[in-house]
Amino acid sequence: MKTEKASYILIIVTTCGLMFQGCKKDKTPADLLPVTETLKIENADVQDAIADKNESEIDNTLDQIQFANYSNSSLKNSFFSGTRIVTIDHPDSTTFPKIITIVYNNFQDSTATERFVKNGEIDITVSAGDNKMLVTRAQVFRNFSVSTDSTTFTVKGTRSVERTSVSIRYNGLTSARVTASDHIIAYLNYAITKTGVSDTLKFTSAVTRIRDTYLHFNNVGGLTWQTIILKNVPAEDTITWYGNTTGLNEFTEVYTKQVSSSKPVTMIFYKGTPVLVSGTMIITTEAVTTSSYSIGFREDPDHLHMTLVTVRNNDTDQTRTFIRRLSRKFVKWWL
């Protein structure tokens with residue numbers, strides 16, 4: 001999951017130099033993954049980074065709205081350009097279901113090094129039982145897109161987040177920590193296009209995931225419990241998850257991504273950028289033959305807003321290490 005400016009590079013002979021600016025030099029050419037396999041993993045990883053960045057922003061917005069008893073905070077548009085309009089049909093803590101609509105108009109979400117411009121609408125239906133902190137959020141993406149310079153990522157589909165547990169621990173009137181566990185099911189379609197280019201890369205994903213979230217809030221309101229206003233501090237948040245994803249990649253191959261509960265993916269935030277710091281993912285692709293890859297994530301001490309990704313073909317032991325970021329380039333595999 002990373003930041004924001006993706007563009008196409010069409011010259012494969014310079015793939016390592018242009019696309020893998022963070023390639024490690026500890027492997028001989030014979031040890032490296034072939035170009036076609038590398039492009040497949042790189043494109044899948046950039047898709048994941050777009051999804052992770054977008055989901056993190058939406059989830060943090062919804063958590064903050066829920067934590068504030070569904071009142072609309074005037075802080076929502078601070079430090080951003082463009083507009084993001086959030087409407088709530090029942091701005092209270094008791095009436096359900098609620099309809100929350102987020103409309104983006106050239107909303108620029110700048111992170112550590114790059115920009116991330118959103119347009120379109122996301123509709124969320126929030127349902128709850130007796131415990132109003134345990135809610136289910138059904139999200140629908142309508143004409144929603146994310147632009148990174150000349151490249152646009154269009155997202156369509158639905159996503160359901162069921163909160164199965166939640167607890168709040170206060171540090172007096174200074175701050176609070178919210179721990180929550182969610183069950184996520186999503187059916188999404190991605191289309192990646194570049195201005196002036198007719199070809200489009202397409203991905204699909206069906207997600208089943210368990211996510212544990214540790215959110216931190218500072219009191220930016222008054223000095224009593226009656227006037228306390230808590231604002232999320234993403235730099236102190238931690239998210240872990242495990243589960244499965246299936247779909248079609250840009251090769252129209254069936255793929256499966258698996259993250260086990262024993263080695264969950266862990267994400268933190270650095271200056272607004274989601275950064276993967278640990279975890280292992282197994283990717284299996286099914287075409288003429290079946291291929292399996294182990295993907296390892298770890299923190300890059302030299303670039304705190306990036307992740308070192310190590311890919312290993314489990315059949316050939318060939319490997320590749322690269323830096324995870326959205327400024328890596330999508331490459332057309334058929335060139």
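Two strands pair if DSSP finds at least two bridges between them. Strands (E, at least two residues) and helices (H or I, at least four) are DSSP runs, numbered from the N terminus.

This is a predicted model: local features need pLDDT of at least 70, side-chain atom pairs count only at pLDDT 80 or more, and totals for chains, interfaces and linings use all residues. Residues are numbered from 1 along each chain as its sequence is written, and side-chain values use heavy atoms, with hydrogens and water left out.

**Overall make-up**

The protein chain holds 16 strands and 2 helices. Of its 335 residues, 48% are buried (under 20% relative accessible area; exposed is over 50%, partly exposed in between; 1.4 Å probe, protein chains only). Take the contacts (heavy atoms within 4.5 Å) with a separation of 6 or more: 58% of them join residues 24 or more positions apart. The chain exposes about 14900 Å², and carbon and sulfur atoms supply 54% of that area. Accessible areas come from the Shrake-Rupley method with a 1.4 Å probe; for residues, only the protein chains shown count as cover.

**Strand pairing**

| Strand | Partner | Bridges |
|---|---|---|
| E1 (residues 81–88) | E2 (residues 98–108) | 7 bridges |
| E2 | E3 (residues 117–128) | 9 bridges |
| E4 (residues 135–148) | E5 (residues 151–171) | 11 bridges |
| E5 | E6 (residues 175–194) | 20 bridges |

Strand E2 pairs with E1 and also with E3. Threonine 87 faces threonine 101 of E2 across the pairing. Tyrosine 104 stands opposite glycine 120 in E3.

Strand E5 likewise has E4 and E6 as partners. Valine 140 is set opposite threonine 158 in E5. Threonine 154 stands opposite alanine 191 in E6. E5 and E6 form a hairpin with 3 residues between them. In that turn, glycine 172 has a positive phi of about 60 degrees.

In a regular strand, side chains alternate between the two faces of the sheet.

**A nonpolar surface patch**

Ile168, Tyr170 and Trp225 form a nonpolar patch on the surface. Patch residues have over 30% relative accessible area and no salt bridge; nonpolar side chains (Val, Leu, Ile, Met, Phe, Trp, Tyr) are joined within 5 Å, like charges within 9 Å. A salt bridge is a side-chain nitrogen of Lys or Arg within 4 Å of a carboxyl oxygen of Asp or Glu.

Tryptophan 225 lies in the loop between strand E7 (201–219) and strand E8 (230–232). Tryptophan 225 counts as partly exposed because its relative accessibility is 47%.
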